[in-house]
Amino acid sequence: MSNGQQHAVGASVPRVDGHDKVTGAALYIDDYPREGVLYGKTLRSIVPRGRLRAIERDPAFDWSDITVVTAAQIAGPNIVALIEEDQPFLVPIDGEIQHAEEPLALVAAPTAERAAEALKHLHANVEPLPAVVDLASALAEDAPRILKQLTLEKGLALEESMALAKGLALEKELGSGDDKDQQIEAALAAAHLVVEGTYETGAQEQMYIEPQGMEARWEQGTCFVSGSLQCPYYVHRALTSLLQLPAERVVITQAVTGGGFGGKEEYPSILAGHAALLAQHAQAPVRMVYDRSEDIAATTKRHPARIRHRLGFDSDGKIVAADVELWLDGGAYVTLSPVVLSRAVLHASGPYCIPVVRIRGEIVATNTPPAGAFRGFGAPQATFAYERQMQKAATALGIEPFELRRRNLLRVGDITATGQQLTVSVGSDAVVDAVEAASKQPAPDAGTTPPRLAPLRGSVRRGRGLAVCFHGAGFTGSGEEHLKGRASVVAHRDGSFEVLTTSTEIGQGARTMFTQIAADALGVGLDQVALSEPSTAAAPDSGPTVASRTCMVVGGVVREAAQRVHADLVDYANQQGLDAADLVAVAQHHGQARGDVAHTVTYTPPRGIVWDDATYTGSAYPVYGWAACLVDVAVDEDTYEVTVERCIHAIDVGKAIHPTIVQGQIEGGTLQALGWALWEHVVQREGRVVNTRMTDCIIPTFLEAPTLETLIIEEPYPDGPYGAKGIGEIPMDGPAAAVAGAVEDALGVPIDQLPILPERILEWL
């Protein structure tokens, strides 16, 4: 480091965006100036399935200052560009409505009140059609369509065949059905114990602090969109297709964004398209910001799931075979469901060494708003099932829960279900050991009763649950190779340094982390490094801010780009007889003589990371995070309310670039998972969400939050920046299973469904 500069990586430095956010200087999209901006709103279906016959305007209403857009006014492809081309921006006349809340038309007006009034006078003539509105109905034999099927097998000598499915998606089936069925059944028949269970998990609302919002304007034939989003280039792709414009004539910029959790990954493309269409036809800027009820009703949720699981053990408690079937409710359109299914399937055997594995997964369609990305991306559903199985096995075998996990954990040298040999950064034993050691010590607040936990009414039963899990960091398989995420670092002639990336800050501390990584690689102070505006016009495509990839993947290319800039400047200093330790002065000298120094680096997978998309074998992820979570609960026998009295969560993060931010990520994800387990119940009737307010779509608050004991474990990953790997998603995976195990331990009844509501406990008892 130059000039005695201290290392920034590993230190909890002040957040670079902290001052603006706590003082109110940060501008979210609804804080932007309003002068000359129209307000946009959406006319939606109220039936889950139907045929749109007409959009009718009330002739008695004054439409003079109202802009109305329907599908007939879309000149380009009326389709949201994503994995599958199946979802329209607006349903056309005589087109089929696939879910309640589907957009049918758009309006823009000078005030929000006028826009709302216009919606009341714009009527959709809809012919209702029979609908399938839940997962159980979709799994019936006459279900209308399958969105995606996937099979993963290990230890079965099979050949592969592939066929195109009817309807929308690709089916992948490996080998002869009779042969593989016989092999898995033989493996389970030879087991000392077979544990069987069927598990169900519900939808979950992201409930980010800032609802969805976009603003669009047109200038000289170029469309500019700003808004609350995670992935600028996702929106860019969708709008260049919709508007039929070249890439340079669509500019997407992220505004300060109040949370995402996956909910602002793919959905903002729809809202951005709506705002752009209205702005184009109104010939004025248009802003669309959902209120909370519309946001909850219309946007994507976590996929509801049903999982049938069979797990075979020998007499020593070693797993000999696993047979898993997963069904995820994708809603009306594909969105990101194939990727969610992929991660669910790849994680369904858990962090355990199992010689014979068969995992089959399906995404089924229902006439409900599409499911989409949510923190964990299919892994929490899979984890809930396999860890419930492990608890039942521990009870049946009479083996202590920690010990049963240890006998089966994947370790260095072991082979995963996809045939990947683990070679580095396997923190499985470390996280289990850390949680067990902490559980034997008094809780930090032992001897006191926090007001939020007291008093518990009536008699109380207590229980303890454990969950162990893993989570692949980065995009699955060859995803990162296809994405080719890029980032740039520039040394400007004024001696400042800039990181250019479209990986977005959504509250997780990305801007601070990138600044730390670049500063250390350059050998300069944090205050000498700035980040570019997260805009498609200013920065290269770094790939989406998802999949626990921002730090490990994009942080890695930021570090390499910074190292290249540093090397160039040091070479220049040596040539010119300058003090190479003063990189700022060297950059200024170089700038005056030769201009800026800039390097752009594209991610390349580490050596030995090979994935076969056809056979679904190989290195599913370059590295995994590992976690263990222990939960103690108290169950009130009168009200059946569940109180989490203690929660210990250990996670192997590789390297904590910013320990306080990492701790915050773990604690936030843990509480989100506890909410999914105990309180968060998205209620649908006839395909519509009926609890669309924060007063009845409940999430945990400080009153429900236990003291969270966070244990950061560091098993460095050599190919991650300074040893770091992903942290954003894994805190979500395990706690729900641990809660279910604790409630089962307390009450002695199986807990196989989420959320664990008091009325459900009464039914199970």
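W611 and Y616 are both buried, where buried means under 20% relative accessible area, exposed over 50% and partly exposed in between, using a 1.4 Å probe and protein chains only. This is a predicted model, in which local features need pLDDT of at least 70 and side-chain atom pairs count only at pLDDT 80 or more, while totals for chains, interfaces and linings use all residues. Residues are numbered from 1 along each chain as its sequence is written, and side-chain values use heavy atoms, leaving out hydrogens and water.

**Aromatic pairs**

- Rings of Phe, Tyr and Trp (its six-membered ring) pair if their centres lie within 6.5 Å; planes under 30 degrees apart are stacked, over 60 edge-to-face, and the rest tilted.
- By this rule there are nine aromatic pairs.
- Y352 and Y386 have ring centres 6.2 Å apart and planes at 85°, so they are edge-to-face.
- Y352 sits in the loop between α8 (337–347) and β17 (356–365), and Y386 in helix α9 (residues 379–397), so this pair ties together parts 34 residues apart in sequence.
- Y352 and Y386 are both buried.
- W611 and Y616 also pair edge-to-face, at 4.9 Å centre to centre with 75° between the planes.
- F470, Y621, Y624 and W626 are linked into a cluster by ring pairs.

**A charge over rings**

- R302 has its charged end over the ring of F374, 4.1 Å from the ring centre; this label needs NZ of Lys or CZ of Arg within 6 Å of the centre and within 35 degrees of the ring normal.
- The charged end of R302 also sits over the ring of W676, 5.1 Å from its centre.

How values were computed
Helices (H or I, at least four residues) and strands (E, at least two) are DSSP runs, numbered from the N terminus.
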